[in-house]
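The sequence and structure come first.

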Amino acid sequence: MPASISADLTADFIQEGLTLVDDALELVQPDGCPAASVNGLFRCLHTLKGTSAILELVALSEFVHRFEDFVRDRQGKGEGLTPAEAEVTRQGLFLLQEAVGAAGTEPLMVERPPFRDFLQALQQLKVEQASMACLDGLLGQLRQSLAAVSGVGAQASLLVPIIEATEAALGKIRSTRARVVLPVDHLAVEAVTLAGEDVTALVCRQLAALEQVAQHGKTAFASLDVHALNGDVAGLKALLAEGDFLLDWDVILDLCDISPEVVSEAVKRLWEEGVLREGQVTMRSGTLVAQAAAGPAAPAEMSPAEAGGALPAAEPAGGRGEHDPEFFRVSGRILDEIAAGVGSLVADRNALENLVSELGSLIPPRYRRLLQDSSGDLDRHVNSLERRVTSLTSRRLSELYQRLPALIKQLSEACGKSVLLETTGGEIEVPRSFLKILGDPLVHLVRNAVDHGFESPRDRLAAGKDQQGLLAIWARREDERLILTVADDGRGLDCAAIRRKAVERGLIPAAADLDDAAIRALIFAPGFSTAEAVTKVSGRGVGMDVVRAAIEGSGGRIQIESEPGRGTTFELVVPVISGNRTRDILLVQVGSQVFGVDYRCLVEVLDASQRVLHGHRDRRFFAWRGQLLPFVDLAVHLGEVAAGGGGDGLAAIRILVVEDEYGRRLACGVQGIQHKVKVVVTPFGHGLLKAHPILSGTAVVGTGEPRLVLEFRDVSLFLAP
């Protein structure tokens, strides 16, 4: 990023650019893009090109310009995008997301191979469409000629030139399969000076001609003046200190079909080793296009200072009406700061409510009513503000799903399989950071399902299944938990094969007595794979351990259900946590300390004075409603016995029946019950406690004391020896 561009301006550009790309992705669906949506796609790219040019992101601006040219061709013809064109376009938009996001730290990301490959794919689509249009025209002439002639001899004489032209068109199509994409667009060159002379016209003519040869091969020379082009080369050679290395056009003509790389070499010698090394080059900030649909273009000469630090925003063609709503784009950092501030405000509101409640009769009735009324008004306003900020910092799960169709198509083609994807729950909103948490795990699960889970079409037919496999991904929200299920109707997990591989790798002894659930869990071991050979898709043993690490690292869990011949289901349960959380907690006495217990976990609170414990081996159980629940004295478990409580009897304790995310219940002994309070639970920020299995965070009650809040995500953690 140039030093003249401020960090704030760059952050604004990234925020606006990502929004524009998101808008474009909404317009382009995997099954195509109607002509009406192509205009919107063009506007998004046109605006992004202009803003990147203003910030002197030359490489990014040129990349978007080439992308825009492809879309403009479709827009000019009033055509939509076919499924094949839409797929390539979506891949380009995903690449553009990465490039815009890294604009501040890696402005030359667009020079990487994936971006060059994308431009090459775009050019291939343009050439194929032009060639096929040419062929269609020639075939139309052939049909007209056949209708016009009556004798066989006349038919033959008329068809000869048309057939020759058709063969030439087919040769053109074949020759363009191996074409290259030029690293510079002649339209983006504003001025070139060599040895004090303006050679802009010469250089642009050379680049434009090379681009035609790159697109059309030898057939391009029918419209090129080789003699004039050689004259330009001679003029450039005379101005360059070492100009003899420039390729003459006679050489390019002779080699363009035999070795298409000659065009790439000619461009390299002309542009990189010649003009850029010895001359002075000025690139356009943005190429102006007279398109009404494009909206106002940024003037090429406008600098960031003249623009006042403001980035142009795309507006409707008719401009903004006087009463139309005004929209602003705010950086994610600022939203996070606002969310943190609202969280603190909520905490203060809760503390005030608790303090008023605890003071009770100490406050005169008149003032108590005023405090309660004011507290009620504050509660409504804070709740409204909290809801609005939450909506601003949330994203839909559909953003997580949108890359999957192209990925599944690519994997299916590589594996020789046919897979249908079904998704539900895309409308569910989660914190922005949550999409990053689930992104890699979901990709790994999809990759494994296509490669390992599904049988080949022939095997599926032999097993009485539909030839096309079904991969279903659905999500549901339960309070502050998101449950994401990935299910396939493939072959299921082979427990015998998993066990055999685990023994071979020394993960388990050969005599280990494991049930099927424990064997299936072995696939999460680092480096574990049942594949016999490493392929481009899988077999390296990298993936499932990443899935478990990502899910459990965020405080979640993952479960597997599989039936041989019927398929496999992965269930991911992740707490949806975003900063401070308002919760109802019950304050309980554990030894000499007071802890909070989340009301979501509580099933029942009991007086244990008239009950007894049952023992079996080293475990104790509590009789509750006809069943025996595992019993844990929290004072003993948390090391509070010496400080004041805990023991084997029940005379001095109360019982909390709690339930974890798996639906399992546990009886906990505490030394006393205080009262329920509404607080903000602040998650731990330190890495040591961030993913603590028992403690979820801290809360400050009305009188100012901090309290640790117990979490019952997995009751087995309280039963571990």
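## Helix packing and cavities

V38, N39, L41, F42, L45, H46, L48, K49, S52 and A53 in α2 meet L60, S61, V64, H65, F67, E68, V71, R72, R74 and Q75 in α3. Contact here means heavy atoms within 4.5 Å. By class, this contact of α2 with α3 has 10 nonpolar, 6 polar and 4 charged residues. Ala, Val, Leu, Ile, Met, Phe, Trp, Tyr, Cys and Pro count as nonpolar, Asp, Glu, Lys and Arg as charged, and the others, Gly among them, as polar.

The model is predicted: local features need pLDDT of at least 70, side-chain atom pairs count only at pLDDT 80 or more, and totals for chains, interfaces and linings use all residues. Residues are numbered from 1 along each chain as its sequence is written, and side-chain values use heavy atoms, with hydrogens and water left out.

Helices (H or I, at least four residues) are DSSP runs, numbered from the N terminus.

| Pair | Axes | Angle |
|---|---|---|
| α2 (residues 35–54) and α3 (residues 58–76) | within 9 Å | roughly 160° |
| α2 and α4 (residues 83–101) | 13 Å apart | about 25° |
| α7 and α8 | within 10 Å | roughly 130° |

Angles under 35 degrees count as roughly parallel, over 145 as roughly antiparallel, 65 to 115 as roughly perpendicular and the rest as oblique. α2 and α3 are therefore roughly antiparallel to each other, whereas α2 and α4 are roughly parallel.

On the α4 side, L41, L45 and L48 of α2 make the contact with T89, L93, L96 and V100 of α4. This contact divides into 6 nonpolar, 1 polar and no charged residues.

α7 and α8 are oblique to each other. Their contact is made by L202, V203, R205, Q206 and A209 of α7 and L229, D232, V233 and L236 of α8. Here the classes are 6 nonpolar, 1 polar and 2 charged.

How many cavities of 30 Å³ or more does a search of the whole structure find? The search finds 3. A cavity is a set of points, on a 1 Å grid over the protein atoms alone, where a 1.4 Å probe fits but cannot get out. The largest cavity has a volume of about 80 Å³, where volume is the space filled by probe spheres set on the points. Q206, L210, V233, L236, L246, L247, W249, I252, A266 and L270 line the largest cavity, lining residues being those with an atom within 4 Å of a point. Two or more lining residues come from each of α7 (200–216), α8 (226–239), α9 (249–255) and α10 (261–278). The lining has 9 nonpolar residues, 1 polar and no charged.

Methods. Axes are lines fitted to C-alpha atoms, for helices over the stretch in contact, and angles run from 0 to 180 degrees between N-to-C directions. On a 1 Å grid over the protein atoms alone, a cavity is a set of points where a 1.4 Å probe fits but cannot get out, and a pocket is an open set with protein on both sides within 12 Å along at least five of seven lines; lining residues have an atom within 4 Å of a point.
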